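Please examine the model shown below, with its sequence alongside.

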Amino acid sequence: MRKGTIFKYELKRLFCSKEYLLLLAVNIVYCLALLRGSVIYGTGFTAPFSQWTFCSYLSSAAVLLFILLLALCARQFTTSERRAVTILETSSVQMAVFRAIRYAATACAFLTAMGLSFGICFVFYRLVFDYTGFGSLIYAGLILLLPPALFLFGAAMLLGHKRQALVYILLAVVLILGAFGISLPDCMDLFGTSVVRPLYTGVQKFTFSNEFLAGRAAFTIAGVALIIFFIKRQRTNMSPMIFLRKS
Amino acid sequence: MKIELKHLSKTYPHGKAALKNIDLTLASPSLIGLVGPNGAGKSTLMKLLTANLLPTSGEILKDGSPLIKQEKELKSGLGYLPQEFGLFEDLTTTQFLDYMAAIKCPDKKTAKDEIDRVIALTHLQDKQKAKIRTLSGGQKQRVGIAQSLLGDPELLIFDEPTVGLDPAERFAFRNLFAETAKNRLVILSTHIIEDVQPACDHLVVLNGGEILYTGTPESLMAEKHAATLENAYMALVNGRASA
């Protein structure tokens, strides 16, 4: 099995897909609008390049990023894709390796979109404010976005294996939560909108609350567990052949 | 290669007995036509042969050893075209075959040679660079057949391979299957009886999960005093002594 070739094709299929390009374009336009419309003024009288403002920017961009991630996940569960995988299941390919390659390609596509959101903001900071201290911003951004992304990825795999429509329902839930700004407890805060809340209660030094960090840890553990489960799962139809051999 | 089915039965969890006590030996080189009405158990038998299902009772032996112990070996030498298959429609024909060759062929050079070979065999030269989504149903069927031929497998299993092909294409593929079966085992599941007579040297008729007939198409016609295989088949399925 030539893993590199399969990974190359999986990347090509994602990066050249209409839904990816469209959502990426929308995300870029939205990020630019956020930078010019709110980031430039700073959040809660802090600098535009403060961690508070950057996290506020990312929590707004997160909605579209997560929708893009779920749309990429949903692609894996179309009838055509499922039937193509049926052919692969009768070949000598190790399905766990194949799935890991597919998941890695999806992760690359999402990380590219996330990196663009970061990059656009950093270019903006550099050009407008000549600010280049991006280290602490990257750290805060990764804590804000990666754990819920892992969780949503795992949840999409769980739901998609049942029915593709369930992934779209999850996508709709994410859209509704984001569009209507529905407030969730810190530990369940998907988009990280609660991060800037302490700023308005007089806290000046940027920190993540313990409840928020615990939530991020739970998202990471649940997401990674689900992803590993679905990578190791024997087959889409769960053939008992290998299962019996193991037992 | 020799595949033996011994007292093979398959009952699905909801209680439907798809196969009942099947005894059958399939040996290469041979082109075996597996025919039967809808619900006869053909697809279940295909899934058992491709190790996608486990039998409820009985066993399948490949060259004398249980299939369950050599699933990987079986699959490394298996070319399979399911009845309902999907293709990565956003890739071109060559890209899709390259994707599949990445699984079946160890290196790029072998893969390229194999892709060229199966493209020529399936007459897809003029569609090499076309996106699969732009191909007609018959052309997609040809891509499906092409992927199953990659890696020169010793066992080929085709489930309704000629569906969607025009008469000329069906004729060409019948010849291809016959040619391919000269040095390997090819199992052709079909409900198109005309595909069986000119191509297959052995016929297995399934009905209600049981084998009704196994032998050559000619001997079935002789047995049923029929002028055509279709008449002989109909007499067999309907339980008549002669056509």
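Two residues are in contact if their C-beta atoms, placed from the backbone, lie within 7 Å. The model is predicted, so local features are reported only at pLDDT of at least 70 and side-chain atom pairs only at pLDDT 80 or more, while totals for chains, interfaces and linings use all residues. Residues are numbered from 1 along each chain as its sequence is written, and chains are lettered from A and ligands numbered from 1 in the order in which they are written.

The contact between the chains draws 27 residues from chain A and 28 residues from chain B. On the side of chain A that touches chain B, the elements giving two or more residues are helix 1 (3–15), helix 4 (79–89) and helix 9 (240–246) of chain A. Helices (H or I, at least four residues) and strands (E, at least two) are DSSP runs, numbered from the N terminus. Helix 4 of chain A provides the largest share of that side, ten residues. By class, the side of chain A that touches chain B has ten nonpolar, ten polar and seven charged residues; here Ala, Val, Leu, Ile, Met, Phe, Trp, Tyr, Cys and Pro count as nonpolar, Asp, Glu, Lys and Arg as charged, and the others, Gly among them, as polar.

In chain B, the unreviewed UniProt entry places the feature "domain: ABC transporter" at residues 3–233; UniProt positions are given in the numbering used here, feature names are shortened, and annotations may be inferred rather than shown by experiment. This span is 37% helix and 26% strand, and its end C-alpha atoms lie 25 Å apart.

Four strands of chain B form an open antiparallel sheet in the order 2-1-4-5. Its edge strands, each pairing on one side only, are strand 2 (17–27) and strand 5 (65–66) of chain B. Two strands pair if DSSP finds at least two bridges between them. Strand 1 (residues 2–11) and strand 2 of chain B are joined antiparallel by seven bridges, and Leu5(B) has Leu24(B) in strand 2 as its bridge partner.

Elsewhere in chain B, strand 3 (residues 30–35) runs parallel to strand 9 (residues 202–207), with four bridges; Gly33(B) stands opposite Leu203(B) there. Strand 9 also pairs with strand 10 (residues 210–215) of chain B, antiparallel and over five bridges, with Val204(B) opposite Thr214(B). Two residues lie between the strands of this hairpin, where Gly208(B) takes a positive phi near 55°.

Why does Phe158(B) count as buried? Phe158(B) has 24 C-beta neighbours inside 10 Å, and a residue is buried if 20 or more other C-beta atoms lie within 10 Å of its own, exposed if 12 or fewer, and partly exposed in between. Phe158(B) lies in strand 7 (residues 155–159) of chain B. Beyond its neighbours within four places in sequence, Phe158(B) is in contact with Leu81(B), Ser148(B), Leu188(B) and Ser189(B).

Strand 7 is also among the elements covering the buried residues of helix 6 of chain B, including strand 3 and helix 5 (137–149). Phe173(B), Arg174(B), Phe177(B) and Thr180(B) are buried in helix 6. Seen down the axis of helix 6, the buried residues fall within an arc of 130°, so they line one face of the helix; the arc is that of the directions from the helix axis to the C-beta atoms. The face turned away from the buried side carries the exposed residues Pro167(B), Ala168(B) and Asn175(B).
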